[in-house]
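User: I have a structure open and want to go through some contacts with you. Can we start with the charged pairs and then move on to the ligand?

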Amino acid sequence: MTNTPHDTLHDTPHTDVAGEPVTVIGLGLMGRALAAALLDAGHPTTVWNRTPGKGDELVARGAVFAPSVADALRASPLVVVCLSDTAAVRDTLGPYRTELTGRSLVNLTSNTSDEARDLATWPGDHLDGAIMAVPEVIGRPEAFLLFSGARPAFEKHRDTLLRLGGATFFGEDPGLASLYDVALLGVMWGTLNAFLHGAALLGTAGVDAAAFAPFANQWVGSVTGFVSAYADQIDRGAYPADDAALETHLATMKYLVRESAAAGVDTDWPARLQALTERAIDAGYAGTGYASLVEVFRGKA
Ligand SMILES: NC(=O)c1ccc[n+]([C@@H]2O[C@H](COP(=O)([O-])OP(=O)(O)OC[C@H]3O[C@@H](n4cnc5c(N)ncnc54)[C@H](OP(=O)(O)O)[C@@H]3O)[C@@H](O)[C@H]2O)c1
């Protein structure tokens, strides 16, 4: 297995580079934040949205609302699109795709990797991106954005893209940023589900979520250490029980299931954890460490 080469940029843009014109298509919660960050950085910004009123505040701050999608595309060498989904991107830009010739399209709409690869066949240079941030942090360093696709487009527009937050380029496969996106969102939902289940469980004993939160955060910090160690094991294909064997995990998971059932808290989440671990043990991974569960997810157990 090889490491995926990627460039991570957290530096600020070169301030001596004149702001290039940018078009932002889609002025929902995220699109408005993207356009506002570009305006704040002094980029001539053209915007378009299906419902025009959502552009009023941006126009008051200096943006130009294009009268049509075609005009919006023609206005800038760099077009950022952020709509609800891929169907909306195809419906909105598809009829005008020839206007993208000679321009760079940065699609920040959430999508699947195959959808991203399909859009990359359109004219022009294509970058597909994922936004690991909420709208209010766009333009600040804590926002991080993932890109993949046409390297020349990333290099040409890097200073402009850095106006939106930190940027990582994952190489020329246009689908890779989308794959990282869903994998990272899975980490988020898994972590949050565990916290919410724990809050429900402790709530039955009169413990507020606010009292639980600092302990959950401290523990999540410890778990990040496990992630790095397990990544090494996964890449080596060897899962030594350096910390605890799967059977030890399984025995403790059963307490979580039993405590939940006894407290009247939904057992679906812990029961799934238990079932995954039992499948790994049944498949011959008894005595190995927790990282061997990756083989269950790979469909090998
Ligand atoms: N919000 C976040 O925290 C966040 C974080 C990371 C990624 N994202 C991603 O960013 C994208 C936009 O999210 P959002 O929060 O901005 O959503 P949103 O507030 O619901 O905005 C959706 C946008 O899509 C447009 N749209 C939907 N269907 C359309 C169609 N058929 N034709 C033309 N325009 C259409 C809407 O236009 P109208 O105004 O006319 O309805 C609006 O501009 C999504 O892919 C989302 O997953 C969002």
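**Salt bridges, ligand and surface**

Analyst: Asp173 is partly exposed, with a relative accessible area of 29%. Keep in mind that this is a predicted model.

User: What does the side chain of Asp173 meet in a salt bridge?

Analyst: Arg117, with N to O at 2.9 Å. Asp173 sits in the loop between β9 (166-169) and α7, while Arg117 is in helix α5, so the pair ties together parts that are 56 residues apart in sequence.

User: How far apart are the closest N and O atoms of Arg74 and Glu99?

Analyst: They are 3.1 Å apart in that salt bridge. Arg74 belongs to helix α3 (residues 69-74) and Glu99 to the loop between α4 and β6 (104-107), so this pair links parts 25 residues apart in sequence. Arg74 is partly exposed, at 44% relative accessibility.

User: Back to Arg117. What about its salt bridge with Asp114?

Analyst: The closest N and O atoms of Asp114 and Arg117 are 3.0 Å apart. Both residues are in helix α5 (residues 113-119), and because they are 3 residues apart, about one helical turn separates them. Asp114 is exposed, with a relative accessible area of 54%, whereas Arg117 is partly exposed at 30%.

User: How many salt bridges does the count come to?

Analyst: The count comes to 12.

User: Ligand now. Which residues come nearest?

Analyst: Met30, Asn49, Thr51, Lys54 and Ser110, out of 20 residues around the ligand. That shell divides into 10 nonpolar, 8 polar and 2 charged residues.

User: How much of the ligand does the protein cover?

Analyst: The protein covers 74% of the 900 Å² of accessible area that the ligand has on its own. The elements giving two or more residues to the shell are α1 (29-40) and α4 (86-93).

User: Last one. Which residues form the nonpolar patch on the surface?

Analyst: Met188, Trp189, Leu192 and Leu196, with about 400 Å² of accessible area together. Leu196 is in helix α7 (residues 176-203).

Terms used
Residues are numbered from 1 along each chain as its sequence is written. This is a predicted model: local features need pLDDT of at least 70, side-chain atom pairs count only at pLDDT 80 or more; totals for chains, interfaces and linings use all residues. Side-chain values use heavy atoms; hydrogens and water are left out. A residue is near a molecule or strand if one of its heavy atoms lies within 4 Å of it. Accessible areas come from the Shrake-Rupley method with a 1.4 Å probe; for residues, only the protein chains shown count as cover. Helices (H or I, at least four residues) and strands (E, at least two) are DSSP runs, numbered from the N terminus. Ala, Val, Leu, Ile, Met, Phe, Trp, Tyr, Cys and Pro count as nonpolar, Asp, Glu, Lys and Arg as charged, and the others, Gly among them, as polar. Patches are made of residues with over 30% relative accessible area and no salt bridge: like charges are joined within 9 Å, nonpolar side chains (Val, Leu, Ile, Met, Phe, Trp, Tyr) within 5 Å. A salt bridge is a side-chain nitrogen of Lys or Arg within 4 Å of a carboxyl oxygen of Asp or Glu. Buried means under 20% relative accessible area, exposed over 50%, partly exposed in between (1.4 Å probe, protein chains only).
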